[in-house]
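Thanks for asking me to look through this one with you. Please have the model open while you read, and take the points in order.

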Amino acid sequence: MRIRSSLTNRWSSLPEARAAMPITRILIANRGEIALRIHRAAHEMGIETVAVHSTADADAMHVRLADHAICIGPPPAGQSYLNHAAIISAAEISGADAIHPGYGFLSENAQFAEIVESHDIAWIGPKPEHIRTMGDKVAAKKTAGDLGLPLVPGSAGAVETMDEIRAVADEIGYPVIAKAAAGGGGRGMQVITGPEKLEELVTQAKNEAQSAFGDDTMYVEKYLGNPRHIEFQVFGDGNGNAIHLGERDCSLQRRHQKVFEEAPSPVITPEERDRMGSIVSKAMADMGYRGAGTIEFLWEDGEFYFIEMNTRLQVEHPVTEMVTGVDLVREQIRVAEGHPLSVTQDEIELHGHAIECRINAEDPFTFAPSPGLVNYYHAAGGMHVRVDSGLYAGYRIPPYYDSMIAKLIVYGSSREKCMMRLRRALEEMVIEGVKHSVPLHQELLREPDVISGDYTIKWLEEWLAKRETD
Ligand code: MV4
């Protein structure tokens with residue numbers, strides 16, 4: 001462990017210190033751009049950071065920036081970034097009084113959150129019980145329904161037998177979709193267009209779910225043919241107060257990986273936003289939700305249908321930060337310290353438009369991963385341009401982890417101005433040595449449907465299939 005700075009105790013002069021539990025040193029249980037994002041919020045609050053890393057990440061930017069760094073294992077995430085004992089030990093050894101999990105890895109692991117709290121370390125995340133409930137998609141849907149969120153019509157809960165599934169499908173009408181209760185991210189899902197194929201497809205979905213999650217519990221929903229993916233950012237203080245920060249439109253996805261996200265959605269009116277926002281924030285207040293959360297909806301023919309809730313900070317959170325001016329990581333840390341939210345719903349105003357492009361180290365045509373040495377790097381800059389990335393010239397992108405290497409987030413006072421600025425910023429980005437998605441984004445920003453905002457969850461895959469044949 002290396003100790004580089006000792007920041008003065010930021011609580012010494014604050015009267016509120018007695019009520020809340022100050023955090024002085026955060027262990028960041030993650031890597032890449034999100035580890036940097038958390039480090040930045042912490043340092044702006046006068047809080048020290050502890051990086052943990054695998055042997056493959058010894059030269060990573062998150063390790064370089066942190067005040068302390070501890071190697072927790074070999075490259076495979078199962079032995080490092082997912083290793084409960086190694087991370088808890090690192091927190092104890094370094095004297096961290098809080099753990100921030102970022103996204104992915106342990107961020108939605110209720111058991112790990114409980115272990116953290118049982119060691120008297122603050123968990124910068126939702127209550128473990130809420131992580132657990134939302135991780136079970138059947139329990140999540142029941143909870144969402146009880147809290148007044150609009151649901152996709154379907155089975156009342158888990159479906160046990162083939163006869164039961166057939167009865168539900170007959171009642172709601174085909175097409176239906178069978179989903180794994182333990183699923184999410186599109187695994188263990190099958191669309192069923194008619195009764196002939198029901199048995200075969202349900203069996204297939206169950207087998208996928210069993211091998212992916214060790215649980216083949218299924219539920220059934222009406223299949224929506226061509227919706228948009230619209231998600232609301234919510235925030236609770238854990239004591240019955242909650243707000244929403246508007247929505248993000250994340251419809252442009254490939255194989256359940258988001259490519260491009262924007263806030264606000266081009267199709268949601270201020271009235272609809274206020275109406276749905278009130279519903280989601282009241283739901284979060286009623287459940288006593290703590291910290292950052294995202295409520296995912298499918299949106300079709302002007303109606304919202306709840307599908308899932310994510311109990312973590314999301315990759316695309318910066319677009320919400322750009323249009324609201326709220327630092328979501330700072331807010332997460334404050335809430336973990338026991339403070340109320342620093343803003344009220346009345347103080348949340350949306351200004352302008354923001355778009356995020358995810359930049360991956362992959363071929364922009366085949367999507368094959370492209371790890372390796374980045375021999376030159378120059379980030380875009382200028383007014384209203386934000387680049388969240390751990391890249392630097394001379395960095396070697398390891399092959400073991402997610403291929404996302406940077407996020408380019410751009411703000412404009414209108415959607416049109418945002419897109420003009422985004423095109424300008426993409427021109428400035430230089431990443432040499434590996435293939436990456438900047439050219440893909442440049443191509444997308446020339447598409448009339450993207451320019452007009454006229455796209456659904458099917459648009460990108462259809463466009464890519466067409467591009468293949470051209
Ligand atoms: C659906 C659906 C259509 N109808 N549910 C995919 C992952 C999981 N989060 C939920 N998913 C879907 N659920 C019903 N009732 C279509 C999808 C879906 C999808 C959703 C959001 C973004 C991209 C998607 C791509 C394919 C399918």
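**Notes on the cavities, the ligand site and the fold**

1. A cavity here is a set of points, on a 1 Å grid over the protein atoms alone, where a 1.4 Å probe fits but cannot get out, and its lining residues have an atom within 4 Å of a point. Grid points are joined across faces, edges and corners, and a volume is the space filled by probe spheres set on the points. The structure has 2 cavities of 30 Å³ or more.

2. A word on the source: this is a predicted model, in which local features need pLDDT of at least 70, side-chain atom pairs count only at pLDDT 80 or more, and totals for chains, interfaces and linings use all residues. Residues are numbered from 1 along each chain as its sequence is written, and side-chain values use heavy atoms, with hydrogens and water left out.

3. Which residues line the largest cavity? They are His-100, Pro-101, Gly-102, Ser-107, Ile-124, Gly-125, Pro-126, Thr-311, Arg-312, Leu-313 and Gln-332. By class, this lining has 4 nonpolar, 6 polar and 1 charged residues. (Ala, Val, Leu, Ile, Met, Phe, Trp, Tyr, Cys and Pro count as nonpolar, Asp, Glu, Lys and Arg as charged, and the others, Gly among them, as polar.)

4. The second largest cavity holds about 40 Å³. Among its lining residues are Trp-123, Arg-290, Val-335 and Ala-336. Strand 12 (290-300) and helix 11 (328-336) each give at least two residues to this lining. Helices (H or I, at least four residues) and strands (E, at least two) are DSSP runs, numbered from the N terminus. The class count for this lining is 5 nonpolar, 3 polar and 1 charged.

5. Now turn to the ligand. Of the 16 residues around the ligand, those that come nearest are Lys-179, Glu-221, Lys-222, Leu-224 and Glu-308; a residue is near if one of its heavy atoms lies within 4 Å. The shell around the ligand is made of 8 nonpolar, 4 polar and 4 charged residues.

6. Next, look for polar contacts, which are pairs of N or O atoms within 3.5 Å. A polar side-chain atom of Lys-179 is 2.9 Å from a nitrogen atom of the ligand, and a polar side-chain atom of Glu-308 is also 2.9 Å from a ligand nitrogen atom. With Lys-222, a polar backbone atom lies 2.7 Å from a nitrogen atom of the ligand. On its own the ligand has 520 Å² of accessible area, and the protein covers 90% of that (Shrake-Rupley method, 1.4 Å probe). Strand 6 (176-184), strand 8 (218-222) and strand 13 (303-310) are the elements giving two or more residues to the shell.

7. Stepping back, the chain contains 15 helices and 20 strands. Its radius of gyration is 22 Å, close to the 23 Å that the globule rule gives for 470 residues, so the chain is as compact as a globular protein of that length. The radius is taken over C-alpha atoms, and the rule is 2.2 Å times the number of residues to the power 0.38.

8. Finally, some backbone details to find. Tyr-174 and Pro-175 are joined by a cis peptide bond, with omega about 0°, and Pro-175 sits in the loop between helix 7 (162-172) and strand 6. Phe-105 is not a glycine, yet its phi is positive, at about 35°.

Terms used:
1 Å grid on protein atoms, 1.4 Å probe; cavity = no way out; pocket = protein on both sides within 12 Å on 5 of 7 lines; lining within 4 Å. Polar contact = N/O pair within 3.5 Å; in protein donor to acceptor, adjacent residues only side chain to side chain.
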